[in-house]
Every structure is written in structure tokens, then in C-alpha cells.
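Subject: Structure handover, salt bridges

Hello,

Here is the structure I said I would pass on. My notes on its charged side chains follow below it.

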Amino acid sequence: MPLLSYFLRRLIRVGRLTVIDAGGRAHVFGVPGGAPAATMRLHDGVTPWRLALNPDLAFGEAWMDGRITVEDCSLHDLLAVLSINIDALPPSCWETLRERAVAVLSGAGGNTLARSRRNVAHHYDLTDRFYELFLDRDKQYSCAYFHALGETLERAQDNKKRHIAGKLGIAPGMRVLDIGCGWGGLALYLARECGADVTGITLSETQLAAANARLAGSGLEDRVRFVLTDYRAVRETFDRVVSVGMFEHVGVGHYPEFFARVRALLAPGGVALLHSIGRADGPGVTNAWLEKYIFPGGYAPALSEVLPTIERAGLWATDIEILRLHYAETLAHWHTRFQANRAEAATLTDERFCRLWEFYLAGAEMDFRHQRTMVFQIQLAREIDAVPLVRDYMVDWERAHGGAPGPVPFAEGRRKEKATAEQIAVEGA
């Protein structure tokens, strides 16, 4: 594995990585005795070459196929060593040029309506039971909001819905559009807690059926409806527009169209809230493995790619919040629950798919924990005076509806989370 060794000697500067090749020889990279440390075994002679020539795609595929395994450590440990060192490595001129070229090309074709439907079906039209194995009871498949890092996933996802509702400032009777409504949890919450009239739209037939099943018998049938349609096809106006975890599927080339539609969908005095994964290090490209196996057509943008299109659409960005580490904690909960229910997951899919999914959850957590990936929430309005002049109204609404009185230091919360990991796994079973 000479070529792979060449790259790993230059990459691993923090901690220690041991690679056992197909012949049983151990190759150590990094600081002797350094931490964090991990050991991986390569089970054939081709994988080292694939890793050296196309690591973004080859690493995940080798894990899925069992051609890479770990020894005396976990997948988390291995990905942590790699993520920490990748983040510390300055990009080469070639890598920068490659990323810019791919970003331009990926934005040119973009997610047309037909392609968007295919992409959504690829990820979201799995059986509902599969997602129930690791999500919270409300099936919130987006970043939770932790007042304290020892909170349960259920509590943190309730915090997220409350946090969004506080920013929207919904009064009873207001008409709300939920773009990318998922399994309907946020729409039902806004109707129940805020008295809103909510239309939720999705491109996933599986999620639509589940959302309508939840709506039936909820007592909210006169105030909530779920529709299989694209945001570009909606022609009504609404007092509030919210989109959580959908913007990552829009595509850079369609940002002007997206924000023009948001502006057109807002009634006078209307307010919108956009919740999306983003990157803190400027424009980039989607990881090749993630693009192929998890989110085809997906892209997490930098704010520098989003804000100019908001400005050109004639919208006010009335509030911007960056959520740091919240998604890392969310993914840690999901991974713990998935592993606790892995045997059932294998009966629903197969072992290779389970290895794919655990790589996705663990890898995404490392991105949010050690690299420059985050979540942003942008509050948008057509008029300058659509929301109060100070942010107190958001916090006041949250606390009036059961929000936590104040934050807990991250270190303390992290210790509590580790101490209750077994309890969290039981909750998800």
C-alpha cells in the first residue's frame, strides 16, 4: 500500500492511525502513543489503491462491503481520527479549483421537478418502520435543539419545534405553509400549539401517507392538510412559511427561484423561517459517497451562497442563528438508537444497508463535531417591520410554552449524555 501510506503520512498529524494491510502487516501513522487513536484492517490488496485514488467514495464503499473493519476501537473512533486531521489540513490549490469547478457544474443542471421527486424517493420512501428504529416518537428527521446536552432526543426535538414556532410569531388563525413537511410533526405542532391553519407539502408519497394517517383522528383535520406537490407549484399566499431540512435538496442553481417563490408565497406582513444544514468554510461540494448513496442531488450551502440570493429576491434577513454541535448530538442519539435496533433493521433491509446507514450516521456526526458543518436558521420577511425590533419575543414565547429556563454548559451536558447513553438506547427500542 505504498501510495496510501504516502498520503496517510502527510494527513495524520494529530493522534494515531494504525492500518493493518491484507498481509497482516501493521502500518502506524501519526504520533506514537498519540490520541485519539484508531486501528482499521484492510481485507484485500485493491482497497488501498482505491482509497488513495478516490477516498471520498472508496472509504464508504469499502466499509459497506466489509473490506474495511475496525479493531480495538469503534467506527466513531476511526472517523474521529480522520475527521480531525482532514479539518486541520490546508486545502491544496488543486483541491480548491476542483471544488469550485464541481460546484459550478452541479449548480448548472440542478434539481428539476422530476429529478427532485426521484431524489426524494431514493432517501425518504424507505419503509416508515425503518425510520422509527432511530428517530424520536414524532419522527423529526432534522437537527434537534438541545438546551442541555444530557436531554433526551424527544425533549430536544420538542425544543426544536418550540424554537421555530417562537421565531415565526404565529397568531391563531394564521395560514402557514410547511415546505417539506416530512411525517407531519411540525405542521401538527403549529396547529395544536399556535392555532394555525397549516398546509404541509412533500414530494414523498410514503411520508404523505404517514402524515395523513397521523392527521386522521387528531382533532386537527379542519386546520391541517398534507399535499403531494412541489413548492414551485403552490400559488396561494400565507402569513407564515417554514421549511426545515428541505433546502439542502434545492440546489444552488435554483436558489433564486426558491427565494422568489418564498417572497411570492408570503402575504403582506408575512414571515418565513428557513432551517438548513450549511457549511462554515465557504462554497464546496457534496461528498461523493453521500451524493451517491444517501442524498442524490443534495448540497449543504455556505451562507455566502444563500444571502446574496435572499437580497436579490427583495427579502429581509431579519434574524440569523447558527446552531453549532446540535446536529452532532442529534446524530449521536440516532446512531445509538440505530445500533440498539440493528437486528430489526437488518430484517427490513440487509447487512450491507445497515453498514451503509451506520457509516452515514457516524460520518455525519463527525462532520458536525470536528469539521466545518453546521445548521443555520434564517428568518425572512418582505417588510422591514414584519417582526418586533428585538429578539425577546422569541425567547418569551418559548418559555411560555414549556421551554427550558436557561442553558447548561456543554461540557457538563456532554458528561450527562454519556452517562445516560444506555437509557437513551432503551428509549428507542
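A residue is called buried here when its relative accessible area is under 20%, and exposed when that value is over 50%. By that cut-off Asp 21 is buried, because its relative accessible area is 6%. Arg 25 has 53% relative accessibility and so counts as exposed. Asp 21 and Arg 25 form a salt bridge, with 3.2 Å between the closest N and O atoms.

Please keep in mind that this is a predicted model. Across the whole structure, the search gives 25 salt bridges. Two further pairs are described here.

Glu 236 and Arg 175 meet through their side chains in a salt bridge, at 2.7 Å from N to O. This pair links distant parts of the chain, 61 residues apart: Glu 236 is in the loop between β7 (224–228) and β8 (238–244), and Arg 175 is in strand β5 (residues 175–179). Glu 236 counts as partly exposed at 42% relative accessibility, and Arg 175 counts as partly exposed at 29%.

The side chains of Arg 232 and Glu 257 also meet in a salt bridge, with an N to O distance of 3.9 Å. Arg 232 is buried, at 14% relative accessibility, while Glu 257 is partly exposed at 36%.

Finally, there is a network: salt bridges link Asp 128, Arg 129, Glu 132, Lys 139 and Glu 344.

Regards

Key:
Residues are numbered from 1 along each chain as its sequence is written. This is a predicted model: local features need pLDDT of at least 70, side-chain atom pairs count only at pLDDT 80 or more; totals for chains, interfaces and linings use all residues. Side-chain values use heavy atoms; hydrogens and water are left out. A salt bridge is a side-chain nitrogen of Lys or Arg within 4 Å of a carboxyl oxygen of Asp or Glu. Buried means under 20% relative accessible area, exposed over 50%, partly exposed in between (1.4 Å probe, protein chains only). Helices (H or I, at least four residues) and strands (E, at least two) are DSSP runs, numbered from the N terminus.
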